[in-house]
Amino acid sequence: QVQLVESGGGLVQPGGSLRLSCAASGFTLNYYAIGWFRQAPGKEREGVSCISISDGTTYYADSVKGRFTISRDNNGNKVYLQMDSLKPEDSAVYFCAADHSSCYGEYDFWGQGTQVTVSS
């Protein structure tokens, strides 16, 4: 069964850090571009970061550049999103997704999401 599962969300104070994990089962993540997306209540889903298939090029939304870092653990079949210097506006449900071609594709598989809340 093909599945993506996110974990690592939670409640953190402004300025704090969280590391989200995206674990795959039923397929190998390093053959896919992996994107992280987020959606806050009443807002559209937005792309946060992506790591490409071939050379591991990374992409970040301007709003998270310099604070978030995406990385792969090919042995563990996981992708991580390290989030530092968190702000209240980072609060959202975070999803990971896999695309067989590129970070700009339609994304073949999606996880269920993990909640991130940044609040004092």
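Good morning. I begin with a contact between a charge and a ring: the charged end of arginine 19 sits over the ring of tyrosine 80, 4.0 Å from its centre. A charge is said to sit over a ring if NZ of Lys or CZ of Arg is within 6 Å of the ring centre and within 35 degrees of the ring normal. A further case is arginine 45, which lies over the face of phenylalanine 37 at 5.7 Å from the ring centre.

Please note that this is a predicted model, in which local features need pLDDT of at least 70, side-chain atom pairs count only at pLDDT 80 or more, and totals for chains, interfaces and linings use all residues. Residues are numbered from 1 along each chain as its sequence is written, and side-chain values use heavy atoms, with hydrogens and water left out.

I turn to the ring pairs. How many aromatic pairs does a search of the whole structure find? The search finds seven. Rings of Phe, Tyr and Trp (its six-membered ring) pair if their centres lie within 6.5 Å; planes under 30 degrees apart count as stacked, over 60 as edge-to-face and the rest as tilted. One of the pairs, phenylalanine 27 with phenylalanine 109, is tilted, at 4.9 Å centre to centre and 45° between the planes. This pair links distant parts of the chain, 82 residues apart: phenylalanine 27 is in the loop between strand 3 (18-25) and strand 4 (33-39), and phenylalanine 109 is in strand 10 (residues 109-110). Strands here are DSSP runs (E, at least two residues), numbered from the N terminus.

Is phenylalanine 27 buried or exposed? Phenylalanine 27 counts as buried because its relative accessibility is 11%, while phenylalanine 109, at 25%, is partly exposed. The cut-offs are under 20% relative accessible area for buried, over 50% for exposed, and in between for partly exposed (1.4 Å probe, protein chains only). Ring pairs also link Phe27, Tyr32 and Phe109 into a cluster.

In a further pair, the ring centres of phenylalanine 37 and tyrosine 107 are 5.1 Å apart and the planes stand at 90°, so this pair is edge-to-face. Phenylalanine 37 lies in strand 4 and tyrosine 107 in the loop between strand 9 (92-99) and strand 10, so parts 70 residues apart in sequence are tied together. Both phenylalanine 37 and tyrosine 107 are buried.

Finally, the strands. Strand 3 and strand 8 (residues 78-83) pair in the antiparallel sense over six bridges; two strands pair if DSSP finds at least two bridges between them. Serine 21 has tyrosine 80 in strand 8 as its bridge partner, and tyrosine 80 is the residue whose ring lies under the charged end of arginine 19. Strand 7 (residues 68-73) also runs antiparallel to strand 8, joined by six bridges. Strand 7 and strand 8 form a hairpin with four residues between them, and asparagine 77 in the turn has a positive phi of about 55°. Thank you.
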